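Here are some notes for a first look at this model.

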Amino acid sequence: MTRILPGGTVGILGGGQLGRMLAFEGRRMGYRIGVLNPVENCPAGQVADFFVQSAFTDSQRVFDFVSQVDVVTVETELVPWRLLADIEMVKATRPSSCVLALVQDRLVQRKFLQDHRFPQTPFVSIKDVTSLESAAQHVAFPAVLKARQSGYDGKGQIRVAIPDHLVEAWRELGEVPSVLEAMVPFKLELSVVLARSLHGETQVFPLAENVHRQNVLHTTRVPAQVSEHVRLRAEALVVSLAEAFDYCGIMTVELFLLEDDTLLVNEVAPRPHNSGHFTYGACVTSQFEQHLRAICGLPLGDSSLMHPVVMMNLLGDLWQKGPPRWDHLLANPQVKLHLYGKDHAGPRRKMGHFLLLTDNPTSGLHMAENLLISLIPEPAGSV
Ligand code: AMP
């Protein structure tokens, strides 16, 4: 593939906040950005050079869009892999349809990890009531039942305390093809964002330590508070994963760290990731710039951390009592605010995030929690 230099056009399938930040970075670098998304006024469409509203299944519109760009990428793994397979017949497409096919179905992803001997929690495929009956023989409880398709941020998954609750959980999930996984008693959740160029060069971002609330990412602290030994093993693991996928672009691997320092893969995301938002403000090169460099056939940038940092997500619940007090947050000179341009602040909807640059990420976590509280507007009439 010839290199695509600034001035060229990058086409993004999907219009969420990841596409928006990719578009910001791309435009800063001098690329033209096109976005195709089923819903109009989406976060990425607002900041693109051009936007096409289209279902991913409308092949005429999709291929018209593809004809206007030099390279195609995705900002969500929910883009159908078969569509990407058709696109890559006519246009450079990164990551490839093969990667999407391997990750967008949880069972296929788990089997791929198993075949390549990557460590993960025991799992079993659930396709009907009969498979529910034998599930407890393969997986210890408590367990978590996850729909194979379309799950994210804890959607499409239910925790199951004992085998007797399994049938009820499966009904609640809609009796869809699923994967039952043993719950992992992790001491930490980590993620590693990695960039791999078209020529196989890799750059690994500093290890991120994540806290989830109700299965949605709440905070990321960087650098993660883990030993050098754990860090090196995590880095080696994700590099070999990227090689197994013959990956090009940004890939994120969510990991569980157990008491005995065993690392297990939770899941792989074939795109920039929420837990990598710290890179956009605290690293020499952001995950978005790395992705663009990789998919455009350019050398990667430096992934080093310039400053320790805490990232905190801002969910729609924060808007419940009125517009958040941005003046309080921005009074702190070490804060960088990102809002995604979403007009409806639904519960648990990701509306934005902020970074807090801090010399001590441990006390920084505490400070970020206080900043979050300071955003809640005072009730009318209070002094
Ligand atoms: P996922 O959508 O698979 O990334 O799950 C969202 C969050 O649920 C994870 O970040 C974990 O906090 C939790 N979770 C998911 N699967 C497991 C598991 N097998 N064991 C323990 N916690 C899990």
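1. A definition comes first: a residue counts as near a molecule if one of its heavy atoms lies within 4 Å of it. The model you are looking at is predicted. Around the ligand there are 17 residues. Those that come nearest are Lys146, Glu181, Val184, Glu189 and Asn215.

2. Lys146 places a polar side-chain atom 2.8 Å from a ligand oxygen. Glu267 also uses its side chain: an N or O atom there is 3.1 Å from an oxygen atom of the ligand. Ala182 uses its backbone instead, with a polar atom 3.2 Å from a nitrogen atom of the ligand.

3. How much of the ligand does the protein bury? The ligand taken alone exposes 470 Å², and the protein buries 96% of that.

4. Strands feature in the shell around the ligand. Strand 7 (143–147), strand 8 (157–160), strand 9 (178–182), strand 14 (249–257) and strand 15 (263–269) are the elements that give two or more residues to it. By class, the shell has seven charged, six nonpolar and four polar residues.

5. Now the domains. The assignment gives domain 1 (9–93), domain 2 (122–182) and domain 3 (186–374). Why does the ligand lie between domain 2 and domain 3? Both of these domains give residues to the shell around the ligand, so the ligand lies between them.

6. The largest nonpolar core has 27 residues. Leu190, Leu241, Phe245, Met251, Leu255, Leu263 and Val265 touch the most other members. At least two residues of this core come from each of helix 4 (97–103), helix 5 (106–115), strand 10 (188–196), helix 8 (228–244), strand 14 and strand 15. Helix 8 gives the most, with seven residues.

7. At its start, a side-chain oxygen of Asp105 reaches to within 2.8 Å of the backbone nitrogen of Leu107. Which residues of helix 5 are buried? They are Arg106, Leu107, Gln109, Arg110, Phe112 and Leu113. Leu107 therefore counts as buried, since its relative accessible area is under 20%. After the helix comes Arg117, with a positive phi near 60°.

Conventions:
Residues numbered from 1 in each chain as written. Predicted model: local features only at pLDDT ≥ 70, side-chain atom pairs only at ≥ 80, totals over all residues. Heavy atoms only, no water. Polar contact = N/O pair within 3.5 Å; in protein donor to acceptor, adjacent residues only side chain to side chain. Areas by Shrake-Rupley, 256 points an atom, 1.4 Å probe, with all protein chains shown as cover. Helix = DSSP H or I, 4+ residues; strand = E, 2+ residues; numbered from the N terminus. Nonpolar A, V, L, I, M, F, W, Y, C, P; charged D, E, K, R; others polar. Domains from an automatic or database assignment. Core = buried A, V, L, I, M, F, W, Y, C linked by side-chain atoms within 4.5 Å. Buried < 20%, exposed > 50% of the residue type's maximum accessible area, 1.4 Å probe, protein only.
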